[in-house]
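Hello,

Here is the structure I promised to pass on. My notes follow below it.

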Amino acid sequence: MKIALFNYSSSGLFHYSASLVNALVELEEVSQIIFFTSQENNTELINPHRKLTVIAQDAPHSLLPLLRWCLNPMKQHRTKQALHELQPNIIHINDTFPVYLFHYFTLRKYPIIFTQHDPSIHAGDSHSLPTRMIQKYLQKISAKVLVHGDILKKDLMKNLKIGPDKITVVPMGNFSILIKNKKRDIAAIPRSILFFGRIVNYKGLDVLLNSLVMLQEEKRAFQLIIAGPGDITKYQESLRKIKHKTIDNYFIPEEKVSSYFE
């Protein structure tokens, strides 16, 4: 089986896709994989393998440069050429980059699987309308839509009217990829609790902080680490109650991500 896998997005979506690629190349029935991604992502997380070709393109992660890249026919020719040469049995799309709209006539030649991580657009997410439109487009052209839980399947069926036969539930998998290059000089912090990623309402930081206040009242020892961008103003009252904490309230560069998970 020959697979073309796409993920240009950064952070968690890239970590997920890199983990998936590392697992797929170990399957006997997989003979060849091409992984299309952005050169802004940390491709060192991907294990080199004779079956695998990584095409890291200069796909920007900011909106206007991204649209210019999508509309540049010279930039997109490489993708079309690579797919034509591979003739994949499956194309697997793991994100909602607008570039897939421009590859419609190429993509439709092959069976497509679309992994939809968030069937419902979360409140406060930027670019929610374009994201919803691209999701619907990918749902329509895909032979299968993958989700990571039965609740998400029900969400797709109820709110987006997708038939149950088109949806497959698969486990999320683990993210041990983030400590594959573990640094021996970094000591683990005993009883540490890490909140990692964007600080937005649906992530549940308020639930975590309320729980930790309760633990502290029970004289339980812990060290809280918050690492990620976002507005923490509404959480300040709870944060003041927690004695032992580290707050890195900014975007964590890719090269520093693994140190937090260690």
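**The cores**

The largest nonpolar core has 30 residues. Phe-6, Tyr-8, Phe-36, Ile-91, Ile-93 and Tyr-100 have the most contacts inside it. A nonpolar core here is a set of buried Ala, Val, Leu, Ile, Met, Phe, Trp, Tyr and Cys residues joined through side-chain atoms within 4.5 Å. Buried means under 20% relative accessible area, exposed means over 50%, and partly exposed is in between (1.4 Å probe, protein chains only).

Phe-6 touches Phe-35, Phe-36, Thr-79, Leu-83, Ile-91, His-92, Ile-93, Asn-94, Asp-95 and Tyr-100, not counting residues up to four places away in sequence. Contact means heavy atoms within 4.5 Å. A second, separate core has 18 residues, including Phe-14, Leu-52, Leu-178 and Ile-252.

Before you go on: this is a predicted model, in which local features need pLDDT of at least 70 and side-chain atom pairs count only at pLDDT 80 or more, while totals for chains, interfaces and linings use all residues. Residues are numbered from 1 along each chain as its sequence is written, and side-chain values use heavy atoms, with hydrogens and water left out.

**Helix α3**

Helix α3 covers residues 73-86, 14 residues in total. From first C-alpha to last it reaches 20 Å, close to the 20 Å expected at 1.5 Å a residue. That expected span is 1.5 Å times one less than the number of residues. Helices (H or I, at least four residues) and strands (E, at least two) are DSSP runs, numbered from the N terminus.

Which residues of α3 are buried? They are Gln-76, Thr-79, Ala-82, Leu-83 and Leu-86. Seen down the axis of α3, these fall within an arc of 115°, so they line one face of the helix. The arc is that of the directions from the helix axis to the C-beta atoms. The general rule: an α-helix has 3.6 residues a turn, so residues three or four places apart point the same way. The face of α3 turned away from the buried side carries exposed Pro-73, Met-74, His-84 and Glu-85.

Now the two ends. Asn-72 caps the N-terminal end of α3, with a side-chain oxygen 3.0 Å from the backbone nitrogen of Met-74. Gln-87 has a positive phi of about 50° although it is not a glycine. Gln-87 is partly exposed, with a relative accessible area of 40%.

**Helix α2**

In helix α2 (residues 63-70), the buried residues are Leu-66, Trp-69 and Cys-70. They cover an arc of only 100° around the axis, which puts them on the same side of α2. Leu-64 and Arg-68 are exposed on the other side. The buried residues of α2 pack against β3 (52-57), α3 and α4 (99-102).

All 5 of the 5 residues of strand β9 (residues 223-227) are buried, so β9 is largely enclosed by the rest of the structure. Gln-223, Ile-225 and Ala-227 point one way from β9. Leu-224 and Ile-226 point the other way. Strand β8 (residues 192-196) pairs with β9 in the parallel sense over 5 bridges. Two strands pair if DSSP finds at least two bridges between them. Ser-192 stands opposite Gln-223 in β9.

Arg-191 lies in the loop between β7 (167-169) and β8. Arg-191 has a positive phi of about 55° although it is not a glycine. At 61% relative accessibility, Arg-191 counts as exposed.

His-244 sits in the loop between α9 (236-241) and β10 (245-248). Leaving aside neighbours within four places in sequence, His-244 is in contact with Phe-222, Gln-223 and Leu-224. His-244 counts as partly exposed, at 46% relative accessibility.

**Glu-254**

A polar contact of 2.7 Å joins the side chains of Glu-254 and His-15. A polar contact is a pair of N or O atoms within 3.5 Å; within protein, one must be able to donate a hydrogen and the other to accept it, and residues adjacent in sequence count only if both atoms are side-chain atoms. Glu-254 also touches Asn-42 and Leu-45.

Best wishes
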